[in-house]
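Hi there,

Here is the structure I promised to pass on to you. Have a look at it first, and then read my notes below.

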Amino acid sequence: MSRRPAPVVLPPSLRVGLGLMAAFAALLVAVLGIRYADEGGPGTVDTRIRAVVDGAGPSWRYVALALDASGEPVEAAALVVATVTGCLLLRRPRAAVFVVAGVGIAVGTTTLLKHLVGRTIHGGYLSYPSGHTAFATALALAVAMLATRRRGRDGLGPGTTAGTLLVLAAALVAGAAMGWAQVALGAHYPTDVLGGWCTALAVVPATAWLVDRMADVGRWKHR
């Protein structure tokens, strides 16, 4: 009796939509990177958005600090470990690999881009794109993709419009929340946040496809 293959993390029905999104996001990351390369100050859009964010009351700073803390190395690692543990308890090793790879590559890509673009804030800290925003978006996107895969019988499956919208909504909410915190705390310019968000949107679907591809190749080799 042949063993049942593990469910894919990027269903065929999501590949076109998320693929187009990833391509557009990658293009936007490149355009913003070229626009703000080697700069050390906010652009016009940054100034206008920061003026709105700075108008929030001081009590919101505690919320921003809590969100920011969730993206720090120790806390971020704990969130990833918790998510991976859940995948393993559900007997989804491929999903566990996807979460680690998707989040890790997204954050690693922002680190590389920071050195390539060279945009700075506060007199020398590399800022574009935002790694915190990329982390939050990547983790939310990965979890949402896996959730829609499991809930297919409830009408939220990966082949439905509701499933696709759930994935995009999760990425938007997580990215917007962490992005707001970064701007409110003065850690990043708004366009840094947009760059981090788009980096995750570009990397995570591509990572999902790669994980599925490598797993499928490995399965065929062992037959």
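D46, R119 and D192 are joined in a network of salt bridges. A salt bridge here is a side-chain nitrogen of Lys or Arg within 4 Å of a carboxyl oxygen of Asp or Glu. Before going on, please note that this is a predicted model, where local features need pLDDT of at least 70 and side-chain atom pairs count only at pLDDT 80 or more, while totals for chains, interfaces and linings use all residues. Residues are numbered from 1 along each chain as its sequence is written, and side-chain values use heavy atoms, with hydrogens and water left out.

Between R119 and D192, the closest N and O atoms are 2.9 Å apart. R119 sits in the loop between α5 and β1 (120–121) and D192 in helix α8, so this pair ties together parts that are 73 residues apart in sequence. The helices (H or I, at least four residues) and strands (E, at least two) are DSSP runs, numbered from the N terminus. R119 and D192 are both buried. Buried means under 20% relative accessible area, exposed means over 50%, and partly exposed is in between (1.4 Å probe, protein chains only).

How many salt bridges are there by this rule? The count is four. Another of them joins D212 to R94, with the closest N and O atoms 2.9 Å apart. This pair links distant parts of the chain, since D212 is in helix α8 and R94 in helix α5 (residues 93–117), 118 residues apart. Both D212 and R94 are buried.

R35 and E39 also form a salt bridge, and their closest N and O atoms are 2.9 Å apart. R35 is partly exposed at 44% relative accessibility, and E39 is partly exposed at 28%.

Now for the surface. W209, L210 and M214 make a nonpolar patch of about 340 Å². Patches are made of residues with over 30% relative accessible area and no salt bridge; like charges are joined within 9 Å, and nonpolar side chains (Val, Leu, Ile, Met, Phe, Trp, Tyr) within 5 Å. The areas come from the Shrake-Rupley method with a 1.4 Å probe, and for residues only the protein chains shown count as cover. W209 belongs to helix α8 (residues 190–221) and is partly exposed, with a relative accessible area of 46%.

Last, the cysteines. The structure has zero disulfides (pairs of cysteine sulfur atoms within 2.5 Å). C87 is buried at 7% relative accessibility, and C198 is buried at 3%.

Happy exploring!
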